Amino acid sequence: MGSNAKIDQYAVVGNPIHHSKSPKIHGEFAVQTQETIEYSAIQAPIDGFEAMVKSFFSNGGKGLNVTVPFKEQAWSLCAELSERAKLAGAVNTLYQNQHGDLCGENTDGVGLVRDLMVNHQVSLKGKRILVLGAGGAVRGVLLPILEESPGSVTVANRTVAKAEQLKALFAGHGELQACGFDELSDAFDIIINGTSASLQGDLPPLPDCIISCSTVAYDMMYAPEQTIFNQWASSLGAHSTYDGLGMLVEQAAESFYIWRKVRVDTRPILEMLRAFD
Ligand code: ATR
């Protein structure tokens, strides 16, 4: 950090990290808002995340984004966690409070909800929502979904016991239905794919009946081409399909707000990223 000691330093930490769009996104946020920051990408060794975080902040770093596979570890390092982060069991945003304590927030769920509601004008209120998957990615987004007063939220997972665990975990915050894919027998208004199946180019074994002509399909993953899940939903006549690029930009905007107290206009950045892909 030597020659840039006066510029506020931020970074995203993961392993691997070369694919990350966060430096580009935050770089654009900084230009738009005229905030003077530097934002880099750091690959921490798999067993060296904690040491990296300590050294980053003790060298005057202001904030970190955390990505795979360190989000849960980041959570366990925090002295202070927001309510959302506590329930999420993972954090993607780190900063220090005025006492120098490490604080954690999870902005993924807010990013998802804002992408749906603001960018795509899809209200969640009263809607029948199906969330596919019950891993870390899904746990990270459930509270902000529940906070929008949906009609019902069903979590369906290959391993049903994990969906049931989430149901129990979120019990005080809203009602979740938990089931396996083969128990799904009706159409949903909104289906959010939070399984990692898409990453391997797989589609969970879903019954066609969950899609109707008014279903909005949302894949938390993004890709230059339509994701396999979204292709499947489109082929069954879903009303619309969206991928997770907007969620990525919105979670970044929320992190930027936490660090800088400045709101960005995400639209031009999202358009630029789409054109770039
Ligand atoms: P992440 O942090 O991405 O959520 P994770 O915690 O390993 O990763 O969770 C992966 C999720 O994707 C799980 O819900 C997993 O189902 P299981 O709990 O049954 O393992 C789901 N998943 C992964 N590959 C899948 C596939 N091919 N079909 C259906 N679900 C799959």
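**View 1. Two domains of a predicted model.** Domain bounds come from an automatic or database domain assignment. On that basis the protein chain splits into domain 1 (8–106 + 246–276) and domain 2 (109–243). The centres of the two domains, taken over C-alpha atoms, are 25 Å apart. Contact here means heavy atoms within 4.5 Å. By that rule, 20 residues of domain 1 touch 22 residues of domain 2. The model is predicted, so local features need pLDDT of at least 70 and side-chain atom pairs count only at pLDDT 80 or more, while totals for chains, interfaces and linings use all residues. Residues are numbered from 1 along each chain as its sequence is written, and side-chain values use heavy atoms, with hydrogens and water left out.

**View 2. Helix H1 against helix H10.** Helices (H or I, at least four residues) and strands (E, at least two) are DSSP runs, numbered from the N terminus. Helix H1 covers residues 22–33 and helix H10 covers residues 245–260. They pack at an angle of about 55°, and their axes lie 10 Å apart. Axes are lines fitted to C-alpha atoms, for helices over the stretch in contact; angles run from 0 to 180 degrees between N-to-C directions. H1 and H10 are therefore oblique to each other. Angles under 35 degrees count as roughly parallel, over 145 as roughly antiparallel, 65 to 115 as roughly perpendicular, and the rest as oblique. The crossing of H1 and H10 is right-handed. That word applies if the near helix is turned clockwise from the far one by less than a right angle; anticlockwise gives left-handed. H1 brings Ile25, His26, Phe29, Ala30 and Thr33 to the contact. H10 brings Leu248, Val249, Ala252, Ala253, Ser255, Phe256 and Trp259. This set holds 9 nonpolar residues, 3 polar and no charged. Ala, Val, Leu, Ile, Met, Phe, Trp, Tyr, Cys and Pro count as nonpolar, Asp, Glu, Lys and Arg as charged, and the others, Gly among them, as polar.

**View 3. Helix H10 against helix H11.** H10 also packs with helix H11 (residues 266–276), at an angle of about 140° and with axes 10 Å apart. That makes H10 oblique to H11. Their crossing is right-handed. From H10 come Leu245, Gly246, Val249, Glu250 and Ala253. They meet Thr266, Ile269, Leu270, Leu273 and Arg274 in H11. The contact divides into 6 nonpolar, 2 polar and 2 charged residues.

View 4. Two strands pair if DSSP finds at least two bridges between them. Strand S7 (residues 128–132) runs parallel to strand S10 (residues 190–193), joined by 4 bridges. Isoleucine 129 stands opposite isoleucine 190 in S10.

View 5. A cis peptide bond, with omega about 5°, joins asparagine 15 and proline 16. Proline 16 sits in the loop between strand S1 (8–14) and H1. Another cis peptide bond joins valine 68 and proline 69, with omega about 5°. Proline 69 belongs to the loop between strand S3 (63–66) and helix H3 (71–77). Glutamine 34 has phi near 55°, a positive value in a residue other than glycine. Its loop runs between H1 and strand S2 (37–43).
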